[in-house]
Amino acid sequence: MVRRRGADGRIPVRTLDRGASSSVAAAEPTGYPGGPYDTSLLVKYEHHVARHIWFGEERGPKKELKVVGHGLKLTSRVPLALPPQMESWTSSFHMPFGEMSITLDDVACLLHLPIRGIFWSPQDVTEELAVELAVDYLGVSQGQAQSHVRSCRGSYYKLEWLYDIFVHHRAASSWAYATRAYLLMLVGSTIFADKTFTLVEARYLLLFRDLDGCSGYSWGAAALVTLYRYLGDASMYSCKQLGGYPTLLQCWIHEYFPTVGKRGENWNPAGNCGLPRAMRWSYRWGVLKVDDLRPILDELTPTDAIWRPFEDHRAWRVFDEICLYRGCLKWGESVVPYLPDRCLRQFGYRQYVPSPPLDCMMVTNIDVDWISYHQSVVDVIGSSTVATTPSEVEDGYLEWYYRVSHPRLVSPHRDAPREVPVPVYDVGPSDPDWARVSTLIRRYLRQVNAEEEDPQFSDLFEALHISRSH
């Protein structure tokens, strides 16, 4: 099919017949150079940063997103680290070989947060109520609370203020106040971190009024909802910052993509004594910048991913079938779709062409759907079979995916639209050593073809030696 680009940068194409799993789309949708050619899936692609990157347009002089981190002030209290850059699409990453996502199972293994439990629906918190909550549950005086909330210019508390309260009450053995201050500071600088860098919303104190009952919430879902929401914002061209818990994103990248970024290990996985998997990793500064990482991401193949990285962690976190729930997750007023049918290879199943995404605005009772998750699990895995190789997909999946996605970031010719070929991958082992080997080999061959010296060639022999030892 010949595609001609219009004046607006789009190209008209015919839709792909997606079978029974697809709703009827318009006969002639509008496509974009490099994809998507069928815009029925990525309906907000017009505003996505990837569309601008394809034509060499960056967010600004500083290409990287500013990442929320409290390390300068809270290094000794709450360890945080900055993630390597990855381009994201709302709740999933569109890789060259299909979609991947941060799932409930990932959160459970990386952070050891409970994924079962109830969702939280908060009440509105005014500045006056923020003062009352601080007096009742943090043990501060009325005047001190009023002065502090006024200085925050809204219903917030400063993280440093909470830490000072924690230290004061700990010294006085006022353990309930100290515990609430610590927990509020903890979630405000990790799973609920926002773009202010220094504040936490006062409404989160409501979560800790009953210290005996706060364990009944689905904290794993809370972390995922918050990160999904901020990733959705960050994928837009106009966004300059990424909120949420960057350590969760960073450690997810380290687990699934051993050849991306520069990871360091803190422990031997066999002797971790049941600690959260995220504590295995330490951040190591690398030399690669965004311009270096984009072509590396474009060249990733299924053998570069570790599709099921937590199989050696099941002694501490058994897989929970609720991770295959398909529906909406909510936390407060934030509602996001959770779609494991789009990343089935991460659960050991063959990937099929998934159903159209959910419209969470049309879902009437998320809490009921969450409690009665069994039927959605049956629907998700009923259309698939257990994979015989880690990256296995059903016939037609890649053709569909390359029609509805934008699978690569860097255009070989900025001004010329091109047909993105559907790749044919050789089946290979999903093993971190072999993934590293395959990546280094490809890089070496490219450098040889370009008649350049590859400084990482010595790493290739090291990786080969490691692989031979297995």
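The legends below describe close-up views of a predicted model.

**View 1. Aromatic pair formed by Phe-192 and Trp-219.**
The count of aromatic pairs in the predicted model comes to 24. One of them joins Phe-192 and Trp-219 in a tilted arrangement, with 6.3 Å from centre to centre and 40° between the planes. This pair links distant parts of the chain, since Phe-192 belongs to the loop between α7 (175–188) and β7 (199–201), while Trp-219 belongs to helix α8 (residues 219–234), 27 residues apart. Phe-192 and Trp-219 are both buried.

**View 2. Edge-to-face pair of Tyr-217 and Trp-331.**
The ring centres of Tyr-217 and Trp-331 lie 5.8 Å apart and their planes stand at 85°, so the pair is classed as edge-to-face. Here too distant parts of the chain are linked: Tyr-217 is in the loop between β7 and α8, and Trp-331 is in strand β11 (residues 327–331), 114 residues apart. Both Tyr-217 and Trp-331 are buried. Ring pairs also join these residues into a cluster, which consists of Trp-120, Phe-192, Tyr-204, Phe-208, Tyr-217, Trp-219 and Trp-331.

**View 3. Salt bridge between Arg-342 and Glu-99.**
The structure holds 15 salt bridges, and in one of them the side chains of Arg-342 and Glu-99 meet at 2.9 Å, taken from N to O. The pair links distant parts of the chain, with Arg-342 in the loop between β12 (334–338) and α11 (366–371) and Glu-99 in strand β5 (residues 98–100), 243 residues apart. Arg-342 is buried, with a relative accessible area of 5%, and Glu-99 likewise counts as buried, at 3% relative accessibility.

**View 4. Salt bridge between Arg-203 and Glu-333.**
The closest N and O atoms of Arg-203 and Glu-333 are 2.7 Å apart, and the two residues form a salt bridge. Distant parts of the chain are linked by this pair, with Arg-203 in the loop between β7 and α8 and Glu-333 in the loop between β11 and β12, 130 residues apart. The two partners fall into separate accessibility classes: Arg-203 is buried, with a relative accessible area of 12%, whereas Glu-333 counts as exposed because its relative accessibility is 56%.

**View 5. Salt bridge between Glu-255 and Arg-277.**
Glu-255 and Arg-277 form a salt bridge in which the closest N and O atoms are 2.7 Å apart. Glu-255 lies in helix α9 (residues 246–256) and Arg-277 in the loop between β9 (263–265) and β10 (281–283), so the pair ties together parts that are 22 residues apart in sequence. Glu-255 counts as buried, at 4% relative accessibility, and Arg-277 is buried as well, with a relative accessible area of 2%.

**View 6. Salt-bridge network of Asp-105, Arg-308, Glu-311 and Arg-314.**
Salt bridges link the four residues Asp-105, Arg-308, Glu-311 and Arg-314 in a network.

**View 7. Negative surface patch that includes Asp-136.**
Asp-136 is located in helix α4, which covers residues 127–138, and counts as partly exposed because its relative accessibility is 48%.

**View 8. Arg-170 in helix α6.**
Arg-170 is part of helix α6 (residues 159–171), where this residue counts as partly exposed at 40% relative accessibility. The C-alpha atoms of Arg-170 and Tyr-182 are separated by 9.9 Å, and the two residues are twelve residues apart along the chain.

**View 9. Backbone details at Pro-36, His-112 and Arg-153.**
The peptide bond that runs from Gly-35 to Pro-36 is cis, with omega near 0°, and Pro-36 is found in the loop between β2 (30–31) and α1 (49–54). Although His-112 is not a glycine, its phi is positive, at about 55°; His-112 lies in the loop between α3 (104–111) and α4 and is buried, with a relative accessible area of 15%. Arg-153, also not a glycine, has a positive phi of about 55° and is placed in the loop between α5 (142–152) and β6 (156–158). Arg-153 counts as exposed, at 77% relative accessibility.

Note on methods. Residues numbered from 1 in each chain as written. Predicted model: local features only at pLDDT ≥ 70, side-chain atom pairs only at ≥ 80, totals over all residues. Heavy atoms only, no water. Patch = residues over 30% accessible without salt bridge, like charges linked within 9 Å, V, L, I, M, F, W, Y side chains within 5 Å. Areas by Shrake-Rupley, 256 points an atom, 1.4 Å probe, with all protein chains shown as cover. Lys, Arg positive; Asp, Glu negative; His and termini not counted. Charge placed at Lys NZ, Arg CZ, Asp CG, Glu CD. Helix = DSSP H or I, 4+ residues; strand = E, 2+ residues; numbered from the N terminus. Buried < 20%, exposed > 50% of the residue type's maximum accessible area, 1.4 Å probe, protein only. Phe/Tyr/Trp six-rings, centres within 6.5 Å; stacked < 30°, edge-to-face > 60°.
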